[in-house]
Amino acid sequence: MVKPRQLQLAFAESPQGTGQKGTPGVPDVRSWLRHIAGDKASAGATAEATDTGSLLERVASASNLARALLNVARNKGAAGVDGQSVEVVVAHGRQLLPKLRATLLDGTYQPGDIRRAWIPKPGGGQRGLGIPNVIDRWVQEAVRLVMEPIFEPHFHPSSHGFRPGRGAQTAIAEASRYVGEGCRVTVDLDLAKFFDTVNWQRLLARLAQRVKDKRVLKLIHRMLKAKVVMPDGTKIRVVEGTPQGGPISPLLSNIVLDELDWELQRRGLRFVRYADDCNIYVKSERAGQRVMESIRRFIEGRLRLKLNEQKSSVDYPGKVHFLGFRLCRNPEGKVRVYLSARSRERLAQRVRELTPRNWGQSLAACIERVNSYLTGWEAYFGLCCESEARNWQAITEAHIRRRLRAIVVHQRKRDRFLYRHLLRRGVAKATARNTAFSRKKDWAKSDMRGMHRAYPNAWFAVRLVSLWELWRQRHPIPPSQPAPGGQMLLALA
């Protein structure tokens with residue numbers, strides 16, 4: 001029997017091609033990969049799940065591996081414990097693909113160790129990420145491309161996380177429908193350390209229900225058993241969980257929790273699940289408490305998982321943080337989508353991080369960073385209703401402008417330098433003198449008349465992104481409804 005081994009990068013340092021420094025040949029390799037991957041029509045042919053007894057050949061096919069590497073390259077990401085970056089692996093794609101294909105087919109492929117990284121949680125604490133080597137992410141993505149079409153048609157329609165054509169928007173839309181139908185109470189289920197506590201035996205049993213190729217099951221088992229290297233270099237052997245950070249982890253989590261979805265369906269409950277965040281909608285608090293207790297027994301007894309008692313609750317939808325939103329039903333029965341308090345706090349914190357007082361570059365560079373963040377932020381939170389969007393105007397718009405003015409004050413260092421700067425900006429001498437030579441601190445000076453004259457709201461209006469205008473483009477307001485004047489941004493908590 002051939003012993004599994006890890007595929008190593010051992011190639012000539014300069015493969016043919018004309019790429020960037022350090023990653024020679026990348027453009028040529030990407031073109032070659034796209035050619036091997038073929039068009040979407042031929043790639044989609046591999047998605048048929050009629051024969052799951054020979055999946056490994058589809059996983060290890062040249063076209064599937066090429067598509068997988070292109071996806072990994074598109075997602076970028078950090079290097080694993082071997083230190084090899086995505087660019088380096090892509091640059092060696094021509095040599096790696098046939099070798100990787102051969103090791104997968106003969107059963108000698110062995111996943112490398114996983115690098116543990118810690119990132120702060122928005123609500124406090126740290127979340128552990130498992131970062132596989134790029135080659136291992138490549139293999140995981142190849143497996144996902146073949147496995148997802150097999151399981152996806154059988155997932156419950158109320159599951160929205162990490163699924164094609166679904167996301168937070170569809171989840172909030174379904175939750176809004178339930179609240180509009182009179183569900184006044186939400187059972188908010190939060191699983192404790194879900195990705196770290198998935199039971200392998202149950203996961204593999206669920207996989208085996210639809211995957212008949214034992215070689216693929218064995219490959220996934222090897223992925224799960226990969227050792228974890230902690231930041232201090234300590235190597236840990238794991239016996240449960242799926243590393244949160246690999247391409248296949250979201251699919252495996254949905255496969256595990258799909259059993260919960262269908263159990264909720266069997267009980268006739270209305271629910272929305274996004275990854276390990278699940279909300280059940282009932283019509284009374286008494287029903288909510290009863291559902292919480294029964295579902296806890298199912299999760300802990302059948303799924304062998306644990307509920308996070310501190311974060312799980314039975315409460316009104318308007319008080320529950322779900323994917324950054326909260327849902328409120330007005331007396332007319334219409335459901336409004338608002339920001340949750342936690343989302344407001346996160347935005348306020350992020351704005352402070354993007355506009356530090358000691359900013360060392362130009363003001364234009366700082367505004368560019370803020371604009372980039374606000375544009376992406378609105379793309380997600382643009383689901384909020386008009387009344388929420390109208391409330392975004394005064395506080396955040398003024399706050400961001402003031403923080404930018406404070407940067408200008410701080411960058412001038414001395415009072416006389418600020419005085420000269422204000423004069424160059426067309427401020428009257430007396431006003432400039434009163435502002436620059438005031439005994440107040442930088443933050444107080446940023447709100448004085450001289451700074452407002454030098455940097456009026458109109459100056460920011462043509463440079464700073466308006467969340468209100470972005471929202472209006474997404475939700476055009478009828479002409480009969482007057483829009484508030486000026487630029488509108490999100491209010492900070």
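Biologist: In which helix do E263 and R266 both lie?

Modeller: This is a predicted model, in which residues are numbered from 1 along each chain as its sequence is written, local features need pLDDT of at least 70, side-chain atom pairs count only at pLDDT 80 or more, and totals for chains, interfaces and linings use all residues. Side-chain values use heavy atoms, with hydrogens and water left out. E263 forms a salt bridge with R266 (a side-chain nitrogen of Lys or Arg within 4 Å of a carboxyl oxygen of Asp or Glu), and their closest N and O atoms are 2.7 Å apart. The two residues are three residues apart, about one turn of the helix, and both lie in helix α12.

Biologist: Is E263 buried or exposed?

Modeller: Accessibility is given as relative accessible area (buried under 20%, exposed over 50%, partly exposed in between, with a 1.4 Å probe and protein chains only). E263, at 11%, counts as buried.

Biologist: How many residues apart in sequence are the parts that D447 and R402 tie together?

Modeller: D447 forms a salt bridge with R402, with 3.9 Å between the closest N and O atoms. D447 lies in the loop between α20 and α21 (449-454) and R402 in helix α17 (residues 393-411), so the parts they tie together are separated in sequence by 45 residues.

Biologist: In which strand does R270 lie?

Modeller: R270 forms a salt bridge with E181, the closest N and O atoms being 3.1 Å apart. E181 sits in the loop between α8 and β3, so the pair ties together parts 89 residues apart in sequence, R270 being in strand β6.

Biologist: What is the order of the strands in the sheet that holds β6?

Modeller: Helices and strands are DSSP runs, numbered from the N terminus (helices H or I, at least four residues; strands E, at least two), and two strands pair if DSSP finds at least two bridges between them. Four strands with antiparallel pairing make up this open sheet, in the order β6-β7-β3-β8.

Biologist: Which strands are the edge strands of this sheet, each pairing on one side only?

Modeller: Strand β3 (residues 185-190) is joined to β8 by three bridges and runs antiparallel to it, with D188 standing opposite S313 in β8. In the order β6-β7-β3-β8, the strands that pair on one side only are β6 (270-274) and β8 (313-315).

Biologist: At about what angle to β6 does helix α12 run?

Modeller: Angles run from 0 to 180 degrees between N-to-C directions, with axes fitted to C-alpha atoms, for helices over the stretch in contact, and contact means heavy atoms within 4.5 Å. Helix α8 (residues 168-180) lies across β6 and β7 (277-282), at about 160° to β6. Helix α12 (residues 249-266) also lies across β6 and β7, and its angle to β6 is about 170°.

Biologist: Which residue in β4 is the bridge partner of R115?

Modeller: An open sheet of four strands has mixed pairing and the order β2-β1-β4-β5. Its edges are β2 (126-131) and β5 (235-236), each with a single partner strand, so one side of each is left without a neighbour in the sheet. Strands β1 (residues 114-120) and β4 (residues 228-229) run parallel and are joined by two bridges. The bridge partner of R115 in β4 is V229.

Biologist: How many aromatic pairs does the structure hold?

Modeller: Rings of Phe, Tyr and Trp (its six-membered ring) pair if their centres lie within 6.5 Å, and planes under 30 degrees apart count as stacked, over 60 as edge-to-face and the rest as tilted. F325, W377, Y380 and F381 form one aromatic cluster. The number of aromatic pairs in the structure is eleven.

Biologist: At what angle are the planes of Y419 and F437?

Modeller: The ring centres of Y419 and F437 are 5.5 Å apart, and the pair is tilted because the planes stand at 45°. This pair links distant parts of the chain, 18 residues apart, with Y419 in helix α18 (residues 415-424) and F437 in the loop between α19 (429-436) and α20 (442-445). Y419 is buried at 17% relative accessible area, whereas F437 is partly exposed at 42%. The angle of the planes is 45°.

Biologist: Over the face of which residue does R425 lie?

Modeller: A charge sits over a ring if NZ of Lys or CZ of Arg is within 6 Å of the ring centre and within 35 degrees of the ring normal. R350 lies over the face of Y373, at 5.7 Å from the ring centre. R425, at 4.5 Å from the ring centre, lies over the face of Y455.
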